[in-house]
Amino acid sequence: MDITKQIAEELKIKTWQVEAVIRLIDEGNTIPFIARYRKEQHGTLDDEQLRNLDERLTYLRNLEERKETVLASIEEQGKLTEELKDQILEAKTQVMVEDLYRPYRPKRRTRATIAKEKGLEGLANILLFQMTDRSMEEEAAAYLDPDKGVNTVEEAIAGARDIIAETIADEADYRRVIRDTTMEKGTLTSVAKDPEAKSVYENYYEFQSNLSKLSGYQILAINRGEKEKILTVKVEAPQEEILRYLKKQVITKENPQTTPHLNEAIEDSYSRLIAPSIEREIRSELTERAEDGAIRVFGKNLEQLLMQPPIEGKVVLGWDPAFRTGCKLAVVDETGKVLDTIVVYPTEPQKKVAETKRIVKGMIEKYGIELISVGNGTASRESEQVIVDMLKEIPRPVQYIITNEAGASVYSASKLATEEFPNFDVGQRSAVSIARRLQDPLAELVKIDPKSIGVGQYQHDMNQKKLSEALGNVVEDCVNNVGVDVNTASVSLLEYVSGVSKAIAKNIVSYREANGKFTNRKQLLKVAKLGPKAYEQCAGFMRITGGENPLDATSVHPESYKAAEELLESLGYDREQVRGGVVGLSVVTKDRKKLAQKLNVGEATLDDIIKELEKPGRDPRDEMPKPILRTDVMEMKDLTEGMILKGTVRNVIDFGAFVDIGVHQDGLVHISQLTNKKFVKHPLDVVSVGDIVEVKVLSVDIPKKRIQLSMIL
């Protein structure tokens with residue numbers, strides 16, 4: 001298989017682009033580096049295209065390896081023909097390769113292998129090739145052998161049928177047609193083991209759907225219901241059509257002696273060997289497809305969460321709500337440094353509301369707190385009410401925001417949090433994390449396993465290795481897209497930088513602690529284990545603010561410094577002017593093609609240099625919607641049908657989006673209510689996590705705590 005051509009066709013890009021990216025990957029370059037600093041070589045493919053290319057390259061290379069293993073195994077058995085070799089080499093999927101290998105794969109003892117041991121293969125061939133005029137009983141008489149356990153003609157014929165059943169089941173072409181037919185015309189049914197039992201799977205108690213029309217969330221929900229022994233699930237194939245097809249392929253002659261036995265062998269082959277196997281394969285394929293879709297959604301949601309704009313320059317009070325153990329509070333200054341922590345008890349059972357208000361008012365006054373970040377966990381609703389009442393009693397303007405605290409408890413109990421705050425308990429650490437999530441969501445959330453941030457559906461049911469890799473890639477892309485300040489970044493943030501391992505990240509922090517701040521990017525080469533290749537990969541993503549060279553604070557790569565300086569000089573600018581941004585640079589640089597040739601760089605690189613010199617250290621998060629800050633609270637009972645509200649998208653799933661409208665219970669905008677301007681294939685086509693949207697209340701069910709919303713106003 002020509003891997004390059006195959007990937008180009010699949011991803012609808014040019015062959016030379018695929019060749020260039022494969023070469024860059026094989027040279028040890030990371031995807032963020034290739035995306036940002038090798039644009040000319042691959043024709044400005046974006047991060048997503050490069051990730052897809054890398055994924056397909058890995059799959060197809062593994063496929064080619066598997067082909068080699070299969071070919072070697074068949075050749076060792078002395079059964080490899082040129083025709084079979086060509087079929088295997090041309091196979092485009094793992095399934096096709098395994099189908100072709102099936103007859104030659106070492107098997108455990110089956111009914112067919114036992115029949116072959118009894119010497120019945122010749123009888124099976126007579127039956128399969130339909131070459132006899134005699135009855136099968138007469139043919140079978142010649143194969144009786146008590147020493148081998150063949151005592152009757154019935155036993156001999158049954159053994160021959162077993163051999164034929166397995167031969168049919170192992171035929172790659174038959175399996176492909178049956179698999180395709182089942183997928184196209186088959187249905188999946190699920191029924192409840194106990195129809196009277198209440199569960200979240202009631203939608204699937206009497207469920208039937210065409211296999212080709214099943215959505216990802218349905219597949220994952222049904223799988224979970226089956227795993228929890230609530231549902232019984234089955235694939236119903238168009239059996240009569242499949243049997244007609246098999247009989248047409250196998251029974252090639254009108255022979256009354258062989259046809260009844262072949263019919264029996266075909267039906268046995270399908271019901272005993274093919275159908276269960278194909279059902280497993282189809283369920284596995286559907287699950288894999290559903291998981292891939294869910295992982296994509298999870299990744300997109302995570303990206304939006306990580307790329308939320310930071311709220312800079314504010315002293316924040318982090319509030320980790322709880323009942324019995326009290327609410328843990330932590331004050332952090334504008335840089336995220338912890339100034340104070342305390343525990344208050346405004347909720348049940350202590351309900352010390354007046355004392356809490358007095359303590360928090362004192363902290364607001366003492367530290368100049370401007371913003372309160374309240375975790376959305378247990379007792380959040382009660383804490384919010386206390387905060388709102390208190391804010392009405394103080395003269396200075398203070399706002400609050402309900403912050404998604406998913407993963408905060410995981411972080412606070414981690415080794416990393418223990419090292420960062422050895423004298424704090426888990427509640428104090430959690431409060432610090434909730435505060436810092438507002439100041440710099442990316443820097444704080446990278447400390448948590450991406451799977452624990454919880455912006456998706458059924459994340460615990462999918463392939464955890466695949467999920468971890470995909471989410472790790474998302475975090476890596478976000479971190480490198482934003483860039484990091486090498487003088488303030490934590491180990492957790494640094495280890496996601498292109499070319500930087502965990503060990504190198506620790507060494508960067510150790511070097512910083514031993515030698516003071518980095519003053520130029522070249523000092524990175526003095527860090528242990530950070531060699532020339534790692535430096536090439538990471539340098540452009542590392543920022544040094546206020547260093548010796550103003551270009552070190554930009555995303556201009558050191559390899560392009562000469563071009564950047566020549567550009568500035570040719571236009572009469574001084575390098576030092578870069579610190580404040582060279583306003584209007586894009587206006588005066590007219591003929592980009594000619595200018596790029598003169599500076600000996602590509603046009604895409606020149607465009608990036610100009611953008612960066614105009615606005616050094618630009619933060620792509622600035623373009624994202626700002627979070628909604630509140631000063632008052634609403635309850636579900638305050639909502640009325642038709643009310644128009646502003647809200648924040650908290651989660652996007654296959655069938656809609658959950659929106660926080662400030663009532664402590666996220667409302668659902670069903671996929672059908674996202675827009676009436678176009679057909680929506682997936683909610684992500686319309687909304688993303690963190691979006692600020694205007695919604696209309698459709699219905700409110702207080703007992704079930706359900707709010708139905710619409711974005712069609």
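This is a short talk on one protein model, from its overall build to a few single residues.

Please keep in mind that the model is predicted. Let me start with the whole chain. The protein has 713 residues, and 50% of them count as buried. Its secondary structure comes to 29 helices and 15 strands. Take the principal axes, and the C-alpha atoms fill a box of roughly 105 × 70 × 50 Å. The accessible surface is about 34,500 Å². Carbon and sulfur atoms hold 49% of that surface.

What about contacts along the chain? Look at contacts with a separation of 6 or more: 66% of them join residues 24 or more positions apart.

Here is one such pair up close. R111 sits in helix α8, which covers residues 111–117. D162 lies 51 residues away from R111 along the chain, yet their C-alpha atoms are separated by 6.1 Å. Leave out residues up to four places away in sequence, and R111 touches D162, D268 and R272. Is R111 buried, exposed or partly exposed? Its relative accessibility is 45%, so R111 counts as partly exposed.

Now to the inside. How many cavities of 30 Å³ or more does a search of the whole structure find? The search gives 3. β8 gives the most, with 3 residues. Sort the lining by class and you get 15 nonpolar, 6 polar and 6 charged residues.

The second largest cavity has a volume of about 40 Å³. Its lining is L305, Q308, N404, V649, R650, V689 and G690. By class, that makes 3 nonpolar, 3 polar and 1 charged. Two names come back here.

Next, the cysteines. A search of the whole structure finds 0 disulfides. Take C478: the nearest cysteine sulfur belongs to C538, and it is 19 Å away. A disulfide needs the two sulfur atoms within 2.5 Å, so C478 is in none. C478 is also buried, at 3% relative accessibility. Another cysteine, C327, has a relative accessible area of 0%, so C327 is buried too.

Last, the backbone. Most residues other than glycine have a negative phi, and most peptide bonds are trans.

One is a cis peptide bond between E348 and P349, with omega at about 0°. P349 is in the loop between β6 (338–344) and α16 (353–367).

Then there is K12. Its phi is near 55°, a positive value. K12 lies in the loop between α1 (3–11) and α2 (15–26). With a relative accessible area of 72%, K12 is exposed.

And then K529. Phi is positive at K529 as well, near 70°. Its loop runs between α24 (502–515) and α25 (532–538). Buried or exposed, then, for K529? Exposure is over 50%, and K529 has 65% relative accessibility, so K529 counts as exposed.

That is the tour. Thank you.

Methods. Residues are numbered from 1 along each chain as its sequence is written. This is a predicted model: local features need pLDDT of at least 70, side-chain atom pairs count only at pLDDT 80 or more; totals for chains, interfaces and linings use all residues. Side-chain values use heavy atoms; hydrogens and water are left out. Buried means under 20% relative accessible area, exposed over 50%, partly exposed in between (1.4 Å probe, protein chains only). On a 1 Å grid over the protein atoms alone, a cavity is a set of points where a 1.4 Å probe fits but cannot get out, and a pocket is an open set with protein on both sides within 12 Å along at least five of seven lines; lining residues have an atom within 4 Å of a point. Grid points are joined across faces, edges and corners, and a volume is the space filled by probe spheres set on the points. Helices (H or I, at least four residues) and strands (E, at least two) are DSSP runs, numbered from the N terminus. Ala, Val, Leu, Ile, Met, Phe, Trp, Tyr, Cys and Pro count as nonpolar, Asp, Glu, Lys and Arg as charged, and the others, Gly among them, as polar. Contact means heavy atoms within 4.5 Å. Accessible areas come from the Shrake-Rupley method with a 1.4 Å probe; for residues, only the protein chains shown count as cover.
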